[in-house]
Amino acid sequence: MEENRRSLFAGILIGLGAYGFLALGGIPGAVIFAFGLIGVVLSGTPLYTGRAGVMTDIKALTWIWLFNALGCVLIGLLVLSIGGAPKASAETVVAGRLAVGPWRAFLRAVGCGLIIDIAVWLYRTTKSVLPVLFGVPLFILCGFYHSIADVVYLVAAWKWSPDILWYYPIIVLGNYVGCNVRRIVLPAQ
């Protein structure tokens, strides 16, 4: 129960970062998004993309993902309720993501998982937030997809498309694969 609340809070933090990105856009939005992951690493709350490269318990990881997503649903509903430019930005983000097709969406999710895993690993190693501060804008500016933050975009856009049925599972899997690249390449780390 406690771990679920902590996972929910991690989702809220990422959701707030995603909201900031929607509100500002561009490089400022990418930088402000880092608030979410910095909050996660400093609070020690469990985030799917922060744990997918170090956890072998898939059931526990699934619960983390679920409660992270619920936290982002709450923030997505906030964006939807307030409306304005962030909601319009979410619609643009979702349309762009669905337009790339499954293979490119998967590769973009792998890129994000790789960067987030390395940023979190470097934070754990150095206790410096600099890898997170640079890693988050890097994955955003590269056009990579974060499965937890994307829940905010999907909810805020509030447009149903059957493409979501292939899109979302593919980016969750892509993030998982990307988060495990370091573990495969540097198994002793």
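Q: In which helix is the place of Ala 69, and is Ala 69 buried or exposed?
A: In this predicted model, Ala 69 has its place in helix 4. Its relative accessible area is 11%, and the cut-off for a buried residue is under 20%. Ala 69 of helix 4 is therefore buried.

Q: How many residues does helix 4 have, and what distance does helix 4 reach from its first C-alpha to its last?
A: Helix 4 has 25 residues. At 1.5 Å a residue, a reach of 36 Å is expected, and the computed reach is close to that value. From first C-alpha to last, the 25 residues of helix 4 reach 36 Å.

Q: What distance separates the C-alpha atoms of Ala 69 and Lys 159?
A: Along the chain, Ala 69 and Lys 159 are 90 residues apart.

Q: What arc around the axis do the buried residues of helix 5 cover?
A: The buried residues of helix 5 are Pro 86, Lys 87, Ala 90, Val 93, Val 94, Arg 97 and Leu 98. They lie on the same side of helix 5, because the arc that they cover around the axis is only 125 degrees.

Q: Which exposed residues are carried by the face of helix 5 turned away from its buried side, and against which helices do the buried residues pack?
A: The buried residues of helix 5 pack against helix 1 (2–24), helix 4 (58–82), helix 8 (149–157) and helix 9 (164–179). The face turned away from the buried side carries exposed residues instead, and these are Thr 92 and Ala 99.

Q: What is the N to O distance in the salt bridge of Glu 91 and Lys 87?
A: Both residues lie in helix 5, four residues apart, which is about one turn of the helix. Glu 91 counts as partly exposed at 25% relative accessibility, whereas Lys 87 counts as buried at 18%. Their side chains meet in a salt bridge with an N to O distance of 2.4 Å.

Q: How far apart are the closest N and O atoms of Glu 2 and Arg 5?
A: Glu 2 and Arg 5 are separated by about one helical turn, because they are three residues apart in helix 1. Glu 2 counts as partly exposed at 47% relative accessibility, and Arg 5 also has 47% and counts as partly exposed. The two residues form a salt bridge, and the closest N and O atoms are apart by 2.8 Å.

Q: With which residue does the side chain of Asp 117 meet in a salt bridge?
A: Asp 117 has its place in helix 6 (residues 102–126), and at 2% relative accessibility it counts as buried. Leaving aside neighbours within four places in sequence, Asp 117 is in contact with Thr 49, Gly 53, Cys 179 and Arg 182. The side chain that meets Asp 117 in a salt bridge (2.8 Å, N to O) is that of Arg 182.

Q: How many residues apart in sequence are the parts that the pair of Arg 182 and Asp 117 ties together?
A: The side chains of Arg 182 and Asp 117 meet in a salt bridge. Arg 182 lies in helix 10 (residues 181–185) and Asp 117 in helix 6, so the parts tied together by this pair are apart in sequence by 65 residues.

Q: Which helix supplies the largest share of the nonpolar patch?
A: Ile 27, Val 31, Leu 130, Leu 133, Phe 134 and Leu 141 form this patch on the surface, and together they have about 570 Å² of accessible area. Helix 2 (26–43) and helix 7 (130–141) each supply at least two of its residues. The largest share, four residues, comes from helix 7.

Q: What is the relative accessible area of Val 31?
A: Val 31 has its place in helix 2 and belongs to the nonpolar patch. Val 31 is partly exposed, with a relative accessible area of 39%.

Note on methods:
Residues are numbered from 1 along each chain as its sequence is written. This is a predicted model: local features need pLDDT of at least 70, side-chain atom pairs count only at pLDDT 80 or more; totals for chains, interfaces and linings use all residues. Side-chain values use heavy atoms; hydrogens and water are left out. Patches are made of residues with over 30% relative accessible area and no salt bridge: like charges are joined within 9 Å, nonpolar side chains (Val, Leu, Ile, Met, Phe, Trp, Tyr) within 5 Å. Accessible areas come from the Shrake-Rupley method with a 1.4 Å probe; for residues, only the protein chains shown count as cover. A salt bridge is a side-chain nitrogen of Lys or Arg within 4 Å of a carboxyl oxygen of Asp or Glu. Buried means under 20% relative accessible area, exposed over 50%, partly exposed in between (1.4 Å probe, protein chains only). The arc is that of the directions from the helix axis to the C-beta atoms. Contact means heavy atoms within 4.5 Å. The expected span of a helix is 1.5 Å times one less than its number of residues.
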